[in-house]
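Dear colleague,

Please find the structure for your review below. A short account of the findings follows it.

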Amino acid sequence: RQSLDGSYPSTPDEVENLAAATGEEVSAKARPYEGFSVDASAPGSVSSGPVAADGSLVLKLYYSRNVHQVSWSTDGDPLQGAYTSGPTMFGAPITAPGEPTKAGFSFAGWSPAPAASMPDSDVSYAATWTPAASTAYKVEHYRQSLDGSYPSTPDEVENLAAATGEE
């Protein structure tokens, strides 16, 4: 089976010794390995052939790692740091991005929780957020002048804080 670096081992993971009549055309049957698919184009692949009288026929099946997509989404600022995304081989380590930011919220984690290594399927992770308990805002007070106009600067300013989304 294929290594994460794309190479194949020099010795097989498994060997199956079978017998058939000399000259009979035989074919190897692929085995189901989670996260792997038969790679008929791998150098050295031999999936069928006639049985030799001296028993020298060796069928070789190579299994490549399945590749799936990793994606991350957040409605906050762009993701930062080195992280795993796009096409990723089965079994490869998954590195999450640095914690994203979003004004008025605290990062609460990824949903679902990122796997340690790439599963045999596409995966999408979404940032989850908790409203900040103390988001600053201000109230400016303007008093009308005797001529009916309002000043360009406030007469009074209140600096306040509340939970994000609270009215």
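Leaving aside its neighbours within four places in sequence, with which residues is Pro-87 in contact? They are Val-67, His-68 and Gln-69, where contact means heavy atoms within 4.5 Å. Pro-87 belongs to strand β6 (residues 86–89); strands are DSSP runs of E, at least two residues long, numbered from the N terminus. At 60% relative accessibility, Pro-87 counts as exposed (exposed is over 50% relative accessible area, buried under 20%, partly exposed in between, with a 1.4 Å probe and protein chains only).

The model is predicted: local features need pLDDT of at least 70 and side-chain atom pairs count only at pLDDT 80 or more, while totals for chains, interfaces and linings use all residues. Residues are numbered from 1 along each chain as its sequence is written, and side-chain values use heavy atoms, leaving out hydrogens and water.

Turning to the aromatic rings, those of Phe, Tyr and Trp (its six-membered ring) pair if their centres lie within 6.5 Å; planes under 30 degrees apart count as stacked, over 60 as edge-to-face and the rest as tilted. By this rule there are seven aromatic pairs. One of them joins Trp-72 and Trp-110 edge-to-face, at 5.0 Å centre to centre and 70° between the planes. Trp-72 lies in strand β5 (residues 67–73) and Trp-110 in strand β7 (residues 105–111), so this pair ties together parts that are 38 residues apart in sequence. Both Trp-72 and Trp-110 are buried. Ring pairs link Trp-72, Phe-107, Trp-110, Tyr-125 and Trp-129 into a cluster.

Yours sincerely

Notes: Helix = DSSP H or I, 4+ residues; strand = E, 2+ residues; numbered from the N terminus.
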